[in-house]
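Dear colleague,

I am passing this structure on to you, and I would be grateful if you could look through it with the notes that follow. They go through the findings place by place.

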Amino acid sequence: MNLQGEILWVDDEMDSLKSQILFLKNKGYEVTSVSNGYDALELLKEKVMDVVLLDESMPGITGLETLSRIKELYPQLPVIMVTKNEAENLMEEAIGSQISDYLIKPVNPNQVLLSLKKIMDSRRLVSEKTTQAYQQEFRNLFMALSSNPDHEEWKELYKKLVFWELEMARSNSDEMMEVLQTQKAEANTEFCKYISKNYEKWITGKALPPVLSHSLFKEKIAPFLKKGKPTFLVLIDNLRFDQWKAIQHIVADNFRIVDEDMFYSLLPTATQYSRNALFAGMLPVDIEKKYPNEWKNDDDEGGKNLYESKFLEGQLKQQKLDHLKWQFIKITNNDDGKSLEDNIHNYLTNDLTVIVYNFVDMLSHARTEMEVLKELAGDEISYRSLTVSWFEHSPLHRALKRIADKDLQVFVTTDHGTVRVKTPSKCIGDRATTTNLRYKHGRNLQFEDRAVLAFRDPSAAGLPRPNVSSTFIFAKEDVFLCYPNNYNHYVNYYRNTFQHGGISLEEMVVPIIRLESK
């Protein structure tokens, strides 16, 4: 029989535990027993153990004192506390000392076995169970992809794919992760066909659209705004749905998640277009008409997102919400974040406080430029991990925690997502052609038809026409657009970077979350 693990059992009544020890040995565990905390600490200096079973009440040093010394010397060693005492304060002290489990005497052998398996075998068991469950779900997802899903069904499909991606990442199942990534790529292929077929109909009113960037505020936020009820709208630039799911547990510590939904970012899935549309409540072509001095095309001089507050003011008037007291705050650096944290209570007098937080977008751009971040965020798993690490220690999280006990609501959303690009496609244009890797507009564009969705009439996509003969193209799936000049250099430089502006589930189907204080 294979050795399942080395167990140290510390108890001053070992004679009464002989049957349990025999049971564990028959299950493949090697059990060493000692009768007090001193001997346990001496033994741990000489021998590596997988788990310690520790009696709480012993002569000499107590179980809790022994636990404290074990954790000081061997912080990663799992300890299961065993006790006759069910006092709540004792349990709290033991849990606070980071025990792995807690058993009440008399313990039966199966209880101990279950606890050991939970601690020592959980990764393998979770991996096996996850793999088995995904194999069962695989066919269902395949059938859903083949059944011509509508925009609501696409949201559900993507939600399931993200769920399994996070489960596979947790269970460390590399082979099944490969299968899932293949299925996700197939999903993106079908999604691009769906968008190519339906997007123009949505924009021109020939088909009922989903909630898009320009209808998000009206449909999902405005109905919940009330005079005297503090509402925070937090827009984290470039936040994908899987990144939201990765930080959800941190948010849920302080807030109740009332509604988790998604909406579709407008094309191009880039801040200048999708975020301005979100705040204006209009398509970019209509923003340009109403605000000709404020709207900036890609090739115009000046900042492209300087007038979001003015656009929001116009939308609040349009929605007959201009009686609300509101404030617009943009966070673009750490000093801004610290100011938000320090002043968050002052915003409770507002009916609506809009916070645009620019970290995740900066992270994706910096990752493209900086070798160290390419190492730290080499794939989706590590990119999510960096997002979690940032959010957990961010001024934004600390600010939200400070007001979590107030009677308020919070919306968390984004303007667009981002996708890891892998497939280069050649594109040729004149000097005025835009430089974005996932969308371009210009005159006399030459491109591979299969790689992009093209709009020779930009108004059919709800977009301004920068020049009389401008064409917009949007890269599909994981394509990135490269010029023929110095082609191989740029392909190698940009492959596997996170980009946005084109058509993919990751860029277009993004979160809108409503939270309430607990």
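Helices here are DSSP runs of H or I with at least four residues, and strands are runs of E with at least two, numbered from the N terminus. Axes are lines fitted to C-alpha atoms, for helices over the stretch in contact, and angles run from 0 to 180 degrees between N-to-C directions. This is a predicted model, in which local features need pLDDT of at least 70 and side-chain atom pairs count only at pLDDT 80 or more, while totals for chains, interfaces and linings use all residues. Residues are numbered from 1 along each chain as its sequence is written, and side-chain values use heavy atoms, with hydrogens and water left out.

The helix pairs come first. Helix α2, residues 37-46, packs with helix α3, residues 63-73, at an angle of about 15°, and their axes are 10 Å apart. Because of that angle, α2 is roughly parallel to α3 (angles under 35 degrees count as roughly parallel, over 145 as roughly antiparallel, 65 to 115 as roughly perpendicular and the rest as oblique). The crossing of α2 and α3 is right-handed, a term used if the near helix is turned clockwise from the far one by less than a right angle, with anticlockwise giving left-handed. Gly37, Tyr38, Leu41 and Leu44 in α2 meet Thr66, Arg69, Ile70 and Leu73 in α3, where contact means heavy atoms within 4.5 Å. The residues of this contact of α2 with α3 divide into 5 nonpolar, 2 polar and 1 charged (Ala, Val, Leu, Ile, Met, Phe, Trp, Tyr, Cys and Pro count as nonpolar, Asp, Glu, Lys and Arg as charged, and the others, Gly among them, as polar).

Threonine 66, which lies in helix α3, counts as buried because its relative accessibility is 0% (buried means under 20% relative accessible area, exposed over 50% and partly exposed in between, with a 1.4 Å probe and protein chains only). The side chain of threonine 66 reaches the backbone oxygen of threonine 62 at 2.8 Å. Leaving aside residues up to four places away in sequence, threonine 66 touches Gly37, Leu54, Met58 and Ile61.

In the other pair, helix α9 (residues 213-221) and helix α11 (residues 271-280) pack at an angle of about 30°, with their axes 6 Å apart. That angle makes α9 roughly parallel to α11, and the crossing of α9 and α11 is right-handed. On the α9 side Ser213, His214, Leu216 and Phe217 meet Ser274, Ala277 and Leu278 in α11, and by class the contact of α9 with α11 has 4 nonpolar, 3 polar and no charged residues.

Leucine 141, in helix α6 (residues 122-145), is buried, with a relative accessible area of 2%.

The peptide bond from lysine 105 to proline 106 is cis, with omega near -5°, and proline 106 lies in the loop between β5 (101-104) and α5 (109-120). A cis peptide bond also joins leucine 267 and proline 268, with omega about -10°; proline 268 is found in the loop between β7 (255-264) and α11. Asparagine 444, in the loop between β13 (439-442) and β14 (446-447), has a positive phi of about 55° although it is not a glycine, and at 62% relative accessibility asparagine 444 counts as exposed.

Conventions
Polar contact = N/O pair within 3.5 Å; in protein donor to acceptor, adjacent residues only side chain to side chain.
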